[in-house]
Amino acid sequence: MTTTPTSRRPLFVSTPLNAIAQPATPSPQSPNVPLFSLQPSKKRELSTSKKVMRRFRSVFRSFPIIVPTCKIPVSLNGTRLHEGHIHGTRITGTIFGYRKARVNLVIQENPRVLPLLVLELAIPTGKFLQDMGSGMVRIALETEKKQNDKTKIIDEPIWTMYCNGRKSGYGVKREPTEEDLGFMQTLHAVSMGAGVLPTDGNEHPDGELAYMRAQFERVVGSKDSETYYMQCPDGNISGPELSIFFVRI
């Protein structure tokens with residue numbers, strides 16, 4: 001398994017993530033012109049109407065960024081609640097974004113293929129990573145179930161989001177941008193890790209471009225529910241826990 005260089009901080013730390021990512025690719029100074037190209041996913045691409053997505057995205061952009069408080073304890077005995085009870089499909093999940101801007105969730109079959117899902121959440125990236133360093137984060141994404149609708153659950157365009165039980169705005173599915181794809185291509189050799197990507201030297205108004213990548217276990221409960229559990233390396237049960245629930249109700 002390919003990992004980030006040992007000179008950086010480890011993935012699961014309680015301090016802010018400020019390491020510089022140095023994946024095994026040539027200079028990432030121009031992320032939109034990488035030397036490696038992501039491959040198409042073997043799965044059938046998710047079908048959505050671009051006009052509908054643009055409409056939802058336009059509405060979503062008008063919502064304010066909400067800074068939730070995520071402080072639910074892990075469990076009374078200190079163990080991971082779902083440990084030993086997960087049997088699903090292993091996928092790659094990446095959390096990234098400029099620290100002052102909304103955080104994004106990207107799901108891929110593996111780091112070398114095009115994204116299956118790009119979801120923009122109404123939480124600042126810096127706040128999300130800070131909460132991850134403090135313990136357990138559970139994201140619940142709910143949408144309305146429509147009668148006789150055959151849409152796959154991760155094809156739904158908009159979600160009501162809860163962070164550890166507290167309503168925290170909305171999540172919107174979107175098509176990957178050129179910048180997103182450049183970012184994914186730059187990290188194609190990284191299977192897990194966290195840090196900050198170098199830029200072209202110009203300071204971005206929303207701060208540093210931070211990321212966290214890990215393996216997730218995808219568990220399908222039914223056609224109306226899916227859960228993604230972050231897997232800690234080497235069975236480390238003391239690291240932070242992230243679970244993402246998709247539910248149609």
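User: Let's start with pairing. How many bridges join S9 to strand S10, and how do the two strands run?

Analyst: Happy to begin there, with the reminder that this is a predicted model. Five bridges link S9 with S10 (residues 241-248), and the two strands run antiparallel.

User: What joins S8 to S9?

Analyst: Seven bridges, again in an antiparallel arrangement. S8 and S9 make a hairpin, with two residues between them. At that end you can find Ser 222 bridged to Ser 225.

User: Where is Asp 224 found, and is Asp 224 buried or exposed?

Analyst: Asp 224 sits in the loop between S8 and strand S9 (225-231). Buried means under 20% relative accessible area. Asp 224 has a relative accessibility of 10%, so it counts as buried.

User: Which residues does Asp 224 touch?

Analyst: Leaving aside residues up to four places away in sequence, Asp 224 touches Lys 145, Ile 153, Phe 246, Val 247 and Arg 248. There is also a polar contact of 3.3 Å between the side chains of Asp 224 and Lys 223.

User: Now backbone angles. What is phi of Asn 148, and what is phi of Asn 164?

Analyst: Look for a positive phi in a residue other than glycine. Asn 148 has one near 60°, and Asn 164 has one near 50°. Asn 148 belongs to the loop between strand S4 (136-143) and strand S5 (158-163), while Asn 164 belongs to the loop between S5 and strand S6 (166-173).

User: Why does Asn 148 count as exposed, and why is Asn 164 buried?

Analyst: Asn 148 counts as exposed because its relative accessibility is 71%. Asn 164 is buried because its relative accessible area is 9%.

User: Finally, which residues are buried in helix H3, and which strands do they pack against?

Analyst: The general idea first: an α-helix has 3.6 residues a turn, so residues three or four places apart point the same way. In H3 (residues 178-186), the buried residues are Asp 180, Gly 182, Phe 183, Met 184, Gln 185 and Thr 186. The buried residues of H3 pack against several strands, including S1 (89-98), S2 (102-108) and S8 (209-222).

Technical notes. Residues numbered from 1 in each chain as written. Predicted model: local features only at pLDDT ≥ 70, side-chain atom pairs only at ≥ 80, totals over all residues. Heavy atoms only, no water. Buried < 20%, exposed > 50% of the residue type's maximum accessible area, 1.4 Å probe, protein only. Helix = DSSP H or I, 4+ residues; strand = E, 2+ residues; numbered from the N terminus. Contact = heavy atoms within 4.5 Å. Polar contact = N/O pair within 3.5 Å; in protein donor to acceptor, adjacent residues only side chain to side chain. Pairing = 2+ DSSP bridges.
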